[in-house]
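Thank you all for coming. Before I say anything, please take a moment to look at the sequence and the model on the screen.

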Amino acid sequence: MTSTVPNAGMAGAHEPDWPAAHIETLAHLQAMLRMNTVNPPGNELLLAQHLETALKAAGIETQLYEPTPGRGAVVARLRGDGSRQPVLLMAHMDTVGVETEHWSVDPFGGVIRDGYVYGRGAIDDKGMLAVNLETMLLLKRHVIDAGGTLSRDVIFVANSDEEASGEWGMGWLLRHQPDLVRAEFALNEGGRIRVVNGRPLYVALQNTEKVPHVVTVTAHGPGGHASIPLAGNAVLRLGRALARISAYREPVQMNPTTREFFAELGRVWPHREERLAMGDVASGDTRRVQRGARVLERIPVFDAVLRNGVSATIVDGGMRSNVIPTEATATLNVRTLPGHSIDGVVRRLERCIADPLVSVAVTERGEDAPASDFGSALFVALRQSAQALDPALAVVPYMSTGATDSARLRAVGIQAIGVLPFPMNQDDEDRMHGNDERVPVASLEFGLRLVYGAIWRVAR
Ligand SMILES: [Zn+2]
């Protein structure tokens, strides 16, 4: 799936030996997968030391920090001539946990089978970590050591704790070493390269993300002995409120990112009715937007980018089977579109529930951040790099429904763009945080060439 043209838009001396670089990347990825960095507790320090050793061996200026015992942060830097602001190349070292009994291979074995590398973290986020490491090694060998110069510093960051609060990861770095990670651009996780019908169709570059909040719905009622049924029973009242919420949808709201996303995706999407619907929602015409949304909302991943999302996740109430409790609660996970108020969602939910004995409150409030510009030099470099590998690829800006560390960066003025640089079909992608997580071996080379090509273009 990679281009057979040897010079993908790069001057000769800067063109690495890709098969050799691919083998090196694969070896680093397998080594990383064999280090268990399930968070909690994380224990990323061992992996951080592996990265530090590899970077220092190549002669790259590297610092290793231990934010708290057992956790690590690695910051390495290739110096540019200072004519432009730095670019950050980020990935996290920790992973989510595993249900070992549901895996067909050892999740910490770095096993290669049927053209895939298996392991917890293969696509989230050790694959990208390996690609970022290799990009640093290649820039050092093929640009710096070859007598070339970079116009900006390229800063490699490997952090801990992304899968939990980030307190010991990007949060720690921004608090304790803000100068080290000051940059114009950041390349982070968070995008997609989707394979449809066996070929890569589009590259979704995340330039903004929905904002996560936790909302608690509490129903109140009279308590008492369960032998005497009470009309105002809080559990039943909560049930009625939830029934109303289940029938409620937030209104469709487009923003510049989702408009461009559907406009560009509509050019290559294989399904005719959905393709036309994408043109409709991107049109800016209110009637067409509503018509298109009615088609696209049948696909949950598209529905989630068209509006604020409300998911019920926990119900709680009562402690004994023979006591009517005075309170019952439901937890809602609400994801607002960037720039939209959670308080507005709460007001609409209250109106929809229409019961003065049911209260709705925000219990955790996410932080909004401005979108990154999809006309920026990094975005353009990623597009050029992707289309040099496969000219037929559509490259679209993308609002992720999940939250990433990029929001923290955007909040301090860094233009962060998210990729997951490996072409994958939906099945492979769905294994993220699931069982038998894996990355296609061939996609690893594509990802390396994409990231190297983009960083080289934006920093040359
Ligand atoms: Zn991740």
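This is a predicted model: local features need pLDDT of at least 70, side-chain atom pairs count only at pLDDT 80 or more; totals for chains, interfaces and linings use all residues.

Residues are numbered from 1 along each chain as its sequence is written.

Let me start with the overall build. The protein has 14 helices and 19 strands, where helices (H or I, at least four residues) and strands (E, at least two) are DSSP runs numbered from the N terminus. The radius of gyration is 24 Å, close to the 23 Å that the globule rule gives for 460 residues, so the protein is as compact as a globular protein of that length; here the radius is taken over C-alpha atoms, and the rule is 2.2 Å times the number of residues to the power 0.38. Along its principal axes, the C-alpha trace spans about 85 × 55 × 45 Å.

Of the 460 residues, 48% are buried, and I call a residue buried if 20 or more other C-beta atoms lie within 10 Å of its own, exposed if 12 or fewer, and partly exposed in between, with C-beta atoms placed from the backbone. Among the contacts with a separation of 6 or more, 76% are between residues 24 or more positions apart, a contact being a pair whose C-beta atoms, placed from the backbone, lie within 7 Å.

The domain assignment gives domain 1 (12-189 + 420-459) and domain 2 (210-364), with bounds that come from an automatic or database assignment. Taken over C-alpha atoms, the centres of domain 1 and domain 2 are separated by 36 Å.

What lies inside? The largest nonpolar core has 108 residues, and those with the most contacts inside it are V87, L88, L89, V157, L187, L382 and I455. By a nonpolar core I mean a set of buried Ala, Val, Leu, Ile, Met, Phe, Trp, Tyr and Cys residues joined through C-beta atoms within 7 Å. Helix α14 (residues 441-459) gives this core its largest share, 11 residues, and at least three residues come from each of domain 1 and domain 2. Apart from this core lies another, of 16 residues, among them V217, A219, V358 and V360.

To return to L88, its contacts, leaving aside neighbours within four places in sequence, are I155, V157, V181, A183, F185, A186 and L187.

Now for the helices. In α14, 16 of the 19 residues are buried, so to speak mostly covered, and α14 reaches 27 Å from its first C-alpha to its last, close to the 27 Å expected at 1.5 Å a residue; that expected span is 1.5 Å times one less than the number of residues.

Which residues of α10 are buried? They are I342, V345, L349 and I353. Seen down the axis of α10, its buried residues fall within an arc of 70 degrees, so they line one face of the helix, the arc being that of the directions from the helix axis to the C-beta atoms. As a general point, an α-helix has 3.6 residues a turn, so residues three or four places apart point the same way. The buried residues of α10 pack against β10 (211-220), α5 (234-247), β14 (327-336) and β15 (358-364), whereas the face turned away from them carries the exposed residues D343, G344, R347 and R351. Just after α10, A354 takes a positive phi of about 50 degrees.

A few backbone details deserve a look. A cis peptide bond joins N39 and P40, with omega about 0 degrees, and P40 is in the loop between α1 (18-33) and α2 (45-57). Another cis peptide bond joins D124 and D125, with omega about 10 degrees.

D161, although not a glycine, has a positive phi of about 65 degrees, and D161 is buried, with 26 other C-beta atoms within 10 Å.

Finally, K210 sits in the loop between β9 (199-209) and β10, where K210 is buried, with 23 other C-beta atoms within 10 Å. Not counting residues up to four places away in sequence, K210 touches R335, T336, L337, M399 and T401.

How values were computed:
Two residues are in contact if their C-beta atoms, placed from the backbone, lie within 7 Å.
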